[in-house]
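Open the model in your viewer and keep the sequence panel beside it. The stops below go from the whole chain to single residues.

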Amino acid sequence: MELTVIAHKSITEVPCLHGFQTDLTSASDRCSPVKSQAFHLNCSVNCNFKTQSYLQWKGDHVSRRNALLLRCIGQERSVCIDRVNGEDQEWSSGRYAFGVEKKLREQMSSKKYSNSSNSSLDGSFVGNDEETNNEILQNLCSKGKLVNASRLIDVMARRNQIPYFPSCINLIRGLIKLESTERATRVLKIMVMSGGIPDIITYNMLVGGLCKKGLLKTAIELLDEMSLSGCPPDAITYNTILRCMFDHGGFDQAIGFWKDQLRKGCPAYLITYTVLIELVCKHCGTVQAMEVLEDMAIEGCYPDIVTYNSLVNYTCKQGKYEDTALIIYNLLSHGMGPNTVTYNTLLHSLCTHGYWDEVDEILLIMNMTSQPPTVVTYNILINGLCKYGLLDRAINFFDQMVSHNCLPDIITYNTLLAALCKEGMVDEALHLLHSLNDTRCSPGLITYNIVIDGLAKKGCMEKAMGLYGEMIERGFAPDDITHRTLFWGLFRLDLVEDALVILKEMNKRNQRIKNSAFRFVIHGLCKKEGGYCNTSSRNDGLESMQTQ
């Protein structure tokens, strides 16, 4: 049995129906196949969606006009039944009509359930004009209903309506954050086809979202379309795609991609070139990176000191100093020389690993060239020496920088003060702190906290409290670090009531106090006077706990 669905209000012809004979006068309404010549049936239908529709069959070879009506409810469609190879079997027109109706209802129900949400939503937009739909679009975007907003964009595109471009931008960015890159891409294409030009931030967000999901091919296709839309790719676009290629092991693909872009007229972005060389160095080794560096020169892309410093920084972090030497040799062979950043990067790595002889060699080279040590250089040296406990050498460098008219900054002083306090040299730390008054470098809250902490750990609470008062007089508001340092210093000396005063001050400033601090204070107060509690102080402590 074959069913053919015919469009609304159309006329069709059934080419063959063998031996079909109807007898509506019989009680059983039976239809039996008989052997006769093929004849044609013209099926014409007038259907209305809201009324019942009928399928009328008219046979040319029947002695009198008999009609068999099939009832089709709720759908604007015509049905033509073509029965071939009539056999000697009987069938009921009633059962057959019921089967057709059941089949249609199943199709209608299936379609209804699969498309009910989309159809109901689309239907509410189809009758609107462009201005109304744009108002609805803005409202949906503002309420965060991004999926519905994207469906509205589709409806507007089908109706040749131009969506409001700022709403499209917001919608695309929102969909990208929801990782719905497919919808975002579709909205962007509709926006471009409607005459809109997405900004570079939106494009880069979408490229990044596609690369994050591993859709590299789609990201490259989007990059190729950017220039045509009036928003050419920038360095961030290329960097994102190159990083994605390397993340997926496409080293040769990335190199070839950048060469192709250069040949297509892409600007030779130095930052993109530097990223590419650094990625090659990271994934393929320094030798391969130097080879790519030479190949890129043929394409008109030349390295500068920033490119070399990036490679020096990477190899130094890895502790591969032989590779670092190869990079510097290549740098010199291109007629360039290391700058202060190059030297400082080397010194920081050497100090971290404690290679002091090499540090002295680098400093000697710097003093012989036009790149003398700067305050950053000295800070690196002093910090590295202090971490290794070489305080004497650190102080020597401090004196050396002063003698060379390289003025120390607050980082220099804080580093030395922390090292002096760590070694218990609190008097020297106080002297250095007060010497700041004669310089252009003023102490800050961190500076005072460093010295107060050193004094408290040394047990010099009188000097610590004096410095605490001094910092308040100079307009510095103590923070919770200052008060915690003083509290535990006082408590270690069994000055419980003074510690309670600090707690009250912390409570007044809404600073966080640990429960352990209250327990220690209450316990200490209860031990006073031979095991009897100082009731007033204890109550103060309890009140402070209740307000926390």
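**Before selecting anything**

This is a predicted model, in which local features need pLDDT of at least 70 and side-chain atom pairs count only at pLDDT 80 or more, while totals for chains, interfaces and linings use all residues. Residues are numbered from 1 along each chain as its sequence is written, and side-chain values use heavy atoms, with hydrogens and water left out.

**Whole chain**

Show the chain as a cartoon. It has 25 helices and nine strands; these are DSSP runs numbered from the N terminus, helices being H or I of at least four residues and strands E of at least two. Of the 548 residues, 42% are buried (buried means under 20% relative accessible area, exposed over 50%, partly exposed in between, with a 1.4 Å probe and protein chains only). Of the contacts (heavy atoms within 4.5 Å) between residues at least 6 apart in sequence, 61% join residues at least 24 apart.

**The core**

Select Ile241, Trp258 and Met296, the residues with the most contacts inside the largest nonpolar core, which has 123 residues. Such a core is a set of buried Ala, Val, Leu, Ile, Met, Phe, Trp, Tyr and Cys residues joined through side-chain atoms within 4.5 Å. Helix 10 (residues 270–284) gives this core its largest share, seven residues. Now centre on Ile241: beyond its neighbours within four places in sequence, Ile241 contacts Val207, Cys211, Leu216, Ala219, Ile220, Leu223 and Phe257.

**Helix 12**

Select residues 305–317. This helix of 13 residues reaches 18 Å from its first C-alpha to its last, close to the 18 Å expected at 1.5 Å a residue (the expected span is 1.5 Å times one less than the number of residues). Just after the helix, Gly319 takes a positive phi of about 75°. Among the buried residues of helix 12 are Tyr308, Leu311, Val312 and Tyr314. Its buried residues pack against helix 10, helix 11 (286–298), helix 13 (321–333) and helix 14 (340–353).

**Leu385**

Move to helix 16 (residues 375–387), where Leu385 is found. Leu385 is buried, at a relative accessible area of 1%. Which residues does Leu385 touch, not counting those up to four places away in sequence? They are Trp356, Leu390, Arg393, Ala394 and Phe397. Trp356 is 29 residues from Leu385 in sequence, and their C-alpha atoms are 9.1 Å apart.

**Thr412**

Next, find Thr412 in helix 18 (residues 410–422). Thr412 is also buried, with a relative accessible area of 1%. Its side chain makes a polar contact with the side chain of Asp409 at 2.8 Å. A polar contact is a pair of N or O atoms within 3.5 Å; within protein, one must be able to donate a hydrogen and the other to accept it, and residues adjacent in sequence count only if both atoms are side-chain atoms. Leaving aside neighbours within four places in sequence, Thr412 contacts Val375, Asn379, Ile382, Phe398 and Met401.

**Cysteines**

Finish with the cysteine sulfurs. The disulfide count is zero, a disulfide being a pair of cysteine sulfur atoms within 2.5 Å. For Cys266, the nearest cysteine sulfur, that of Cys301, is 8.8 Å away. Cys266 is buried, with a relative accessible area of 11%, and Cys231 is buried with 8%.
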